[in-house]
Amino acid sequence: AKHANTPKGPSQRQLSVGEKVRHALTETLQRREILDPLLENAVISVTEVRMSSDLKLATAYVTVFGQDNVDPYVQALNGHARFLRGRLTPALRQMKYMPEVRFRQDDSFDNYARIDALLRSPEVLRDTQGTADDEDDN
């Protein structure tokens with residue numbers, strides 16, 4: 001069953017192409033090729049690229065170092081999406097067509113921060129340290 005009707009998560013090809021796109025976008029951003037005052041000094045990290053099943057759309061998730069409000073950066077990147085798409089060509093030579101690229105804020109770091117804050121809360125610390133202290137007494 002090579003073409004199952006219910007795919008479980010992204011295919012190996014989607015993951016592979018997504019990683020190539022992520023790498024190419026990261027290199028382009030590091031070379032500071034985009035002439036945009038907002039982006040020129042920003043440290044932008046492309047944390048993940050998710051490919052659509054037909055590989056025609058690449059959704060790049062980004063964070064911006066030291067910035068709480070990433071929206072202006074995401075908007076600027078989306079404004080330069082066509083330029084950035086052109087920069088993918090060498091990395092994706094083997095593909096029939098270049099995917100459209102769209103940028104989104106990566107919220108997973110916010111989730112990590114929330115979880116981290118929860119783990120450091122007095123209630124959770126009391127509960128987790130209580131068991132550790134009991135073991136130390138033995």
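Contact here means heavy atoms within 4.5 Å. The model is a predicted one, in which local features need pLDDT of at least 70 and side-chain atom pairs count only at pLDDT 80 or more, while totals for chains, interfaces and linings use all residues. Residues are numbered from 1 along each chain as its sequence is written, and side-chain values use heavy atoms, with hydrogens and water left out.

**Val-21 and its helix**

Val-21 is part of helix 1. Helices (H or I, at least four residues) and strands (E, at least two) are DSSP runs, numbered from the N terminus. Why is Val-21 counted as buried? Its relative accessibility is 0%, and buried means under 20% relative accessible area, exposed over 50%, and partly exposed in between (1.4 Å probe, protein chains only). Val-21 also lies 9.1 Å from Val-101, C-alpha to C-alpha, although 80 residues separate the pair in sequence.

Two other residues of helix 1 are worth a visit. Ala-24 sits in this helix and is buried, with a relative accessible area of 8%. Leaving out residues up to four places away in sequence, Ala-24 touches Leu-88 and Ala-91. From Ala-24 to Leu-92 the C-alpha distance is 9.0 Å, across 68 residues of sequence. Thr-28 belongs to helix 1 as well, and Thr-28 is buried at 1% relative accessible area. With the same exclusion of sequence neighbours, the contacts of Thr-28 are Glu-33, Leu-84 and Arg-87.

**The nonpolar core**

Which residues touch the most other members of the largest nonpolar core? They are Val-21, Leu-25, Ile-44, Val-49, Leu-77, Leu-88 and Phe-103, out of 29 residues in that core. A nonpolar core is a set of buried Ala, Val, Leu, Ile, Met, Phe, Trp, Tyr and Cys residues joined through side-chain atoms within 4.5 Å. Helix 1 (12-30), strand 1 (44-51), strand 2 (57-64), helix 3 (71-79) and strand 3 (100-105) each supply at least two residues of this core. Helix 1 gives the most, with 5 residues.

**The chain as a whole**

Stepping back, the chain holds 6 helices and 3 strands. Along the sequence they follow the pattern α-α-β-β-α-α-β-α-α. The chain has 138 residues, of which 30% count as buried. Among contacts between residues at least 6 apart in sequence, 62% join residues at least 24 apart.

**Two loop residues with positive phi**

Arg-32 and Leu-55 are both non-glycine residues with a positive phi. Arg-32 is placed in the loop between helix 1 and helix 2 (37-40), and Leu-55 in the loop between strand 1 and strand 2. Their values are set out here.

| Residue | Phi | Relative accessibility |
|---|---|---|
| Arg-32 | phi about 55° | 42%, partly exposed |
| Leu-55 | phi near 65° | 10%, buried |

**Rings and a charge**

How many aromatic pairs does a search of the whole structure find? The count is 0, where rings of Phe, Tyr and Trp (its six-membered ring) pair if their centres lie within 6.5 Å, with planes under 30 degrees apart counted as stacked, over 60 as edge-to-face and the rest as tilted. The ring of Tyr-97 does have the charged end of Lys-56 sitting over it, 5.2 Å from the ring centre. A charge sits over a ring if NZ of Lys or CZ of Arg is within 6 Å of the ring centre and within 35 degrees of the ring normal.

**The second largest pocket**

The last stop is the second largest pocket, which contains about 180 Å³ of space. On a 1 Å grid over the protein atoms alone, a pocket is an open set of points where a 1.4 Å probe fits, with protein on both sides within 12 Å along at least five of seven lines; lining residues have an atom within 4 Å of a point. Grid points are joined across faces, edges and corners, and a volume is the space filled by probe spheres set on the points. The lining has 11 residues, and Thr-63, Val-64, Gln-67, Val-70 and Asp-110 lie nearest the centre. Strand 2 and helix 5 (108-120) each supply at least two residues of this lining.
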